[in-house]
Amino acid sequence: MNGAVWSRFSRRRRNLFGLGLALALGVQALFADFIAGDRPILLHKAGKLYLFPDAPEVGPGDWALWPLFRHGPYTIPPLAALRGPLPQPPSVDHPLGTDNAGRDTLARLLHGARASLGVGIAAAAVQVSLGLALGVLAGFLRGWVDFAITRVAEVLLSFPLLLLLLVVQGVLLRTTLLSTMAVIALTRWADTSRLVRAEALRVREMPYVEASRALGSSRLRTLLRHVLPNCLSPALVAATFGVGSAVLLESALSFLGFGAPEPTASWGLLMADGFQDVLDPNARLLVLLPGLAIFLAVSAFNLIGEGLRDALDPRTQGAVAPSAFITSAQKRAL
Amino acid sequence: MVPILLGITLVAFAVVRAAPGDALALQGEAALRGGGATVSQMREYRRLMGLDDPFLLGYARWLGQLIRGDLGRSFRDGRPVLVLLFEALPVTLLLALPSLFLGYLLAVPIGIVSAARPGGFFDRSLSRTVFLLYSLPIQWVALVLVVAAASLGLPIYGLRSEGTRSLGDLLLHLVLPIACLTYGSLAVVSRYLRSSMLEAMGQDYVRTARAKGLSESAVVLKHALPNSLLSLITLFGLTLPALTSGAVIVERIFGLPGMGKLTFDAVLGRDVPVLMGAITLAGALTLIGIALSDLLYAAADPRISLTGRRP
């Protein structure tokens, strides 16, 4: 990103707001163990220092540095320690209450950012790299390569999205965060490849590409040095929007039980826990908060995406790329 | 179009057939259930998926059965898949068509108001609302509606209350799921219409209409709107199949026995015949949606002709 793009991007307050929100969520996810956990961050025991020790017994003369909030996302309290029925309402000990296994909602929310944002960002990165590579190849080489890639992309795009993801996750013996990330990435690259292909078709007719050919550079060199760098901006925009839609997809899959495996703390899975007790007033926060967290993350990345699109291509000021919508329409409707 | 349907079924066939340990898992599950159906189920599965044949031959055989209308029988209760699909489809249509209609009905005035004064108060507040709607996970909206409706006494589960078959009861049960599906398409359609309205407002014919002294409302409603409605047809073709292929999440939360629930249960129980049938139907509906929007396009826009002749 160069200075001109940044200055156009930062001119709008909401772009900066989106960027700040995304960074804040990212930092929170990275440091979730420092904010909430039942293991000390540092334990000084018998003259040695331990980082996140598993069996934190603090004897006399030892000291420990505890996280801000001393509940882990996976800690299930012993039955004897329970007061009152589960899920518990908010209390001093559990500011946001617990789920119906007695796990602390605040800790699970904070740690859920890891799974959700992790899957979202990784899936977006993989799908955009794939889409970029295939789209540039299709647009630059044309011919049968283009035909094959476009047909596959067409099939993937006309497949009802959530159905495809469900089927793929359903045939696996068990789903993991990695498989969730992989199926999202492997089905969503078509979106990027279509945008990039259109850009590559435009770029390959540019005078500088002709000049590069005339100077005798090989097709590979032309492709890597001239066509690819000029197709990056649609891919960058697709990547930021991709994070938002991957976060939504992950939460949908996890909610249905085909995403993050139990007992992972993931926002989608937290909502599924809330769904089990949806009519219990004690679980109200468990129903509401994960969705709001997803909403914050998705709108942060969507704000950045819109800002980037306008900043990278001043011609389309305020206009909406229809292609960004069609797939979202399908996704929404599912 | 047909190649796309072939592609969709081929992908589904490949995925389902590549399932690791599927046959074994199936056998184990069936044995656990204690039914004597294991052997016949296995035979049915092997027949349906052509497991004894190489991949492409198996697919060709599956296609042949499809053309003869044989989609197999459900592993769960042994009923023909075709019957299951035709039981589930009306429920889904009962959700999809009204929500599609409502979405468009509400989106058109929103799009008009936003585009009439871009950057004005209505435009800004509406596009902000739409942006918010856009980033909300649908399962969250559904759950919030359930919580709100439970306190209002609206029914939140199933299609009918026990013991009654009245129309009013059915409609009450449909309110929440339709609201849930509508909000999504509303957000998409209104934004899409706004951007295509803005594009139309910059065209020469709008300037001409203004120059000849038409009122602003006539310019917007008679010149810009009809031209931008054309682009909604494309969107219609794309949203219809997505809605009909089953609103998996909405049907699951509200316990509605439509395509989404059928597919979800099939995935859950590894009910391969039902799964393949549902995917095939979803693919076919996608194509019908695309064909339908092509036809609508040709009917609405004289510049487009299906026969290739220019008027």
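Two strands count as paired if DSSP finds at least two bridges between them. With that in hand, select strand β1 of chain A, residues 42–45, together with β3 of chain A: the two run antiparallel and are joined by three bridges. The model on screen is a predicted one.

**The sheet in chain A**

The three strands form an open sheet in the order β2-β1-β3, with antiparallel pairing. The edge strands are β2 (48–51) and β3 (63–65) of chain A, each of which pairs on one side only. From one strand to the next, the twist averages 15°. In general, strands of a sheet pair through backbone hydrogen bonds, so display the backbone atoms here.

Now pick out opposite residues.

Move to the turn between β1(A) and β2(A). The hairpin has two residues between the strands, and A:A46 there takes a positive phi near 50°. Most residues other than glycine have a negative phi.

**Chain A as a whole**

Zoom out and show chain A as a cartoon. Chain A has 13 helices and three strands. Its C-alpha atoms fill a box of roughly 80 × 45 × 40 Å, taken along the principal axes. Of the 334 residues in chain A, 49% count as buried. Among contacts in chain A with a separation of 6 or more, 72% are between residues 24 or more positions apart.

**From A:R142 into helix α5**

Select A:R142, which sits in the loop between α4 and α5 of chain A. A:R142 is not a glycine, yet has a positive phi of about 55°. Is A:R142 buried or partly exposed? A:R142 counts as partly exposed because 14 C-beta neighbours lie inside 10 Å, and a buried residue needs 20 or more.

Continue to helix α5 of chain A, residues 143–158. At 1.5 Å a residue, the 16 residues of α5 should span 22 Å; the end C-alpha atoms are 23 Å apart, which agrees. The buried residues in α5(A) include A:I149, A:A153 and A:V155. A:L156, A:L157 and A:S158 are buried as well.

A:V152 is found in the helix α5 of chain A too. With 17 other C-beta atoms within 10 Å, A:V152 is partly exposed. Select A:A190 next: A:V152 and A:A190 are 38 residues apart along the chain, and their C-alpha atoms are separated by 8.1 Å.

**The cis bond**

Go to the loop between α10 (232–256) and α11 (267–276) of chain A, where A:P263 lies. The peptide bond joining A:E262 and A:P263 is cis, with omega about -5°. Most peptide bonds are trans.

**The nonpolar core**

Now show both chains. The largest nonpolar core has 156 residues, and those touching the most other members are A:L165, A:L166, A:V167, B:A142, B:I249 and B:L275. Helix α4 (residues 105–141) of chain A gives the most to this core, with 18 residues. In soluble globular proteins, nonpolar side chains tend to be buried together.

Center the view on A:L166. Which residues does A:L166 touch, not counting residues up to four places away in sequence? In chain A they are A:L256 and A:F258; in chain B they are B:V248, B:T263, B:F264 and B:V267.

**A loop residue in chain B**

Select B:F75, in the loop between α4 (55–67) and α5 (81–116) of chain B. B:F75 counts as buried because 21 C-beta neighbours lie inside 10 Å. Then select B:V274: B:F75 and B:V274 are 199 residues apart in sequence, but 8.2 Å apart in space, C-alpha to C-alpha.

**Confidence**

Finish by coloring the model by pLDDT. Chain B averages a pLDDT of 78, and 83% of the residues score at least 70. The model scores ipTM 0.83 and pTM 0.86.

Technical notes:
Residues numbered from 1 in each chain as written. Chains lettered and ligands numbered in written order. Helix = DSSP H or I, 4+ residues; strand = E, 2+ residues; numbered from the N terminus. Expected span 1.5 Å × (residues − 1). Buried ≥ 20, exposed ≤ 12 C-beta atoms within 10 Å, placed from the backbone. Axes fitted to C-alpha atoms, helices over the stretch in contact; angles between N-to-C directions. Contact = placed C-beta atoms within 7 Å. Core = buried A, V, L, I, M, F, W, Y, C linked by C-beta atoms within 7 Å. pLDDT = per-residue confidence, 0-100.
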